[in-house]
Amino acid sequence: SCSVWIGSPRSNPRYTELRGYRLVHLISRLEGGTPGYGRYKFLTLSEPVYLYSIFRMRCLCGAWALSGGSIETQLSQRERAAIVAAAGGAGSATETLAGPLWMAAAPGKMIGRGNAYAGMEGFIASGGSGACVLADLLSRFERSAGDEPRLDGHYVAACGDVGRRRLSLFRDPGGAEQLYFVRVGGLLLFSSCVKPLLAHAAVPRAVCADTILEYALYGVVAFGDATPFEGIREVLPGHRLDVSDEGFVQRWHWGALLTSAEGDPGDLAGQLWERLRGGVRSALGGDSEAAVSLSGGIDSSAVAAALVEELGPERVHAFTYEFVDSPIQSEVPSARAVCRHLGIRRHTVKRISFEENLEALPEAIWMQERACSWGVAGVELLMARAVASHGHRKYFSGFGIGGAIQGAGRIFTP
């Protein structure tokens, strides 16, 4: 809740710098090239572009045979390898192949027990290890055909029971992680990023003009589960997609979560504060220090205050960005005032030029596969790198708490 998971691409040993190229068609793959990767369209420019999404597995993907029978007869080993390679998991992914189900995930992000399997990507708030989180997820799925599992965090998950021939895909209410699916004949392909789906030869590599127009007007798809990619749909935030031999259906998964609370304003304020502190506490896990992106506005200031109460001001490191060549009023004075009030002594100001922000945009779009919304601003990626350079592996922000305490952190993990 209210957290952003980060990591420095420059510290990734598999991080690749392609000097002299700017990726133009971010997901337009041409035929030919290395099997599983294909060739990509590039435009020669003077500045480098940094790509690492396709070189390290950070994706959940899989397929389900809708028409019955074994998945092996409908999705060849070559096709599976191409999907995994497009997810960046060649040689490192954990895979399972059982009856109608094939699933691949990053190491430690998948579990199997008997005829049931579960995989996830993102963050689930839990005091236990990754294995415990997955075991809990699978247990909740096995014992209920209803609204379980409902878990705190920002994540997507897939749970399959090959014995009972049912598959469910889950996405948390904040929607920070994406979860896409597409039907190809008797197959349902799913993935937490678009690139692996486009690696299948039967999936059209084309954009949907109507959806692009909605994105241009609103920054989101106004209605339905369409995406900018022709034929590819998404599991909506807070929804689940239930799949069986009869087909698949998507529905809201979180009951009355979005129903406004009623009562005395003083009591409601206390409940709001306790929920915010609980979300911060869960996201901290066992961390003894924290970084927070602080603008000095009410949302980020509330998160910073919750961190100070949990850890003490000496263990909180605030970060604020400032545009050096913009008429926009700087947020630094407000952020400094909040730091003084809360007793936060470590406050780093990241000064960003217009050119820096612009140069970071292609990589941000490549990582998040979306060209609109706050989350793809180049400044977010630059801030993540600044935080990582100070030794933090994640940072907190105020994104999302204005709408729901579950929040919607943005993902910047290479």
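Biologist: How many aromatic pairs does a search of the whole structure find?

Modeller: This is a predicted model, in which local features need pLDDT of at least 70, side-chain atom pairs count only at pLDDT 80 or more, and totals for chains, interfaces and linings use all residues. Residues are numbered from 1 along each chain as its sequence is written, and side-chain values use heavy atoms, with hydrogens and water left out. Rings of Phe, Tyr and Trp (its six-membered ring) pair if their centres lie within 6.5 Å; planes under 30 degrees apart count as stacked, over 60 as edge-to-face and the rest as tilted. On that criterion, the number of aromatic pairs in the whole structure is two.

Biologist: Phe-181 and Phe-248 form an aromatic pair; what is the angle between the planes?

Modeller: A pair of aromatic rings is described by the distance of the centres and the angle of the planes. For Phe-181 and Phe-248 the centres are 5.8 Å apart, and the pair is edge-to-face with an angle between the planes of 80°.

Biologist: Which strands hold Phe-181 and Phe-248, and how many residues apart are they?

Modeller: Helices (H or I, at least four residues) and strands (E, at least two) are DSSP runs, numbered from the N terminus. Phe-181 lies in strand S15 (residues 180-184) and Phe-248 in strand S19 (residues 247-252), so the pair links distant parts of the chain, with a separation of 67 residues.

Biologist: Is Phe-181 buried or exposed?

Modeller: Buried means under 20% relative accessible area, exposed over 50%, and partly exposed in between (1.4 Å probe, protein chains only). Because its relative accessibility is 1%, Phe-181 counts as buried.

Biologist: Why is the pair of Tyr-321 and Phe-323 edge-to-face?

Modeller: The ring centres of Tyr-321 and Phe-323 are 5.5 Å apart. The pair is edge-to-face because the planes stand at 65°.

Biologist: Over which ring does the charged end of Lys-195 sit?

Modeller: A charge sits over a ring if NZ of Lys or CZ of Arg is within 6 Å of the ring centre and within 35 degrees of the ring normal. The charged end of Lys-195 is 4.5 Å from the centre of the ring in question, that of Trp-366.

Biologist: Which strand do four bridges join to S20?

Modeller: Two strands pair if DSSP finds at least two bridges between them. Strand S20 (residues 290-293) has both faces covered. Four bridges join S20 to its parallel partner, strand S21 (residues 316-323).

Biologist: What is the bridge partner of Ala-291 in S21?

Modeller: Ala-291 is buried, as is Ser-293 on that side of S20. In S21, its bridge partner is His-317.
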